[in-house]
Amino acid sequence: MLPEDGLQQVLGASERYRDIFNAAADVMVLRDAGFRVVDVNAAFVAQSGFSREEALGQVGILGGSAEPDARATQASSLGNGTAPVANA
């Protein structure tokens, strides 16, 4: 168990983190080990069109390379030579 002043420090750090997370101009999505969305910031809501409530618990909401299905598709594309190539 933390002493009272230690608990207050942890709570203060948590509040500061939450303020930074919510005020960030960049889209931020926090996921758990199963890739389920556990939190999104205001920039995500503004840019995605999803509400926070709609996003929470979702797995395939972004469709980017961090999505499990997208990674599997990319890996199979690399294996069969059909992966897109970026022009330099």
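The model is a predicted one, in which local features need pLDDT of at least 70 and side-chain atom pairs count only at pLDDT 80 or more, while totals for chains, interfaces and linings use all residues. Residues are numbered from 1 along each chain as its sequence is written, and side-chain values use heavy atoms, leaving out hydrogens and water.

Tyr-17 sits in helix H1 (residues 4-23); helices (H or I, at least four residues) and strands (E, at least two) are DSSP runs, numbered from the N terminus.

Turning to charged pairs, the whole structure holds 3 salt bridges, each defined as a side-chain nitrogen of Lys or Arg within 4 Å of a carboxyl oxygen of Asp or Glu. One of them joins Asp-39 to Arg-18, with the closest N and O atoms 2.6 Å apart. This pair links distant parts of the chain, since Asp-39 belongs to strand S2 (residues 37-40) and Arg-18 to helix H1, 21 residues apart. Asp-39 is buried at 4% relative accessibility, whereas Arg-18 is partly exposed at 33%.

Asp-39 also meets Arg-52 in a salt bridge (3.0 Å, N to O). Arg-52 lies in helix H3 (residues 52-55), so this pair with Asp-39 of strand S2 ties together parts 13 residues apart in sequence. Through shared partners, Arg-18, Asp-39 and Arg-52 form one network of salt bridges. Asp-32 and Arg-36 form a salt bridge as well (2.9 Å, N to O).

Conventions: Buried < 20%, exposed > 50% of the residue type's maximum accessible area, 1.4 Å probe, protein only.
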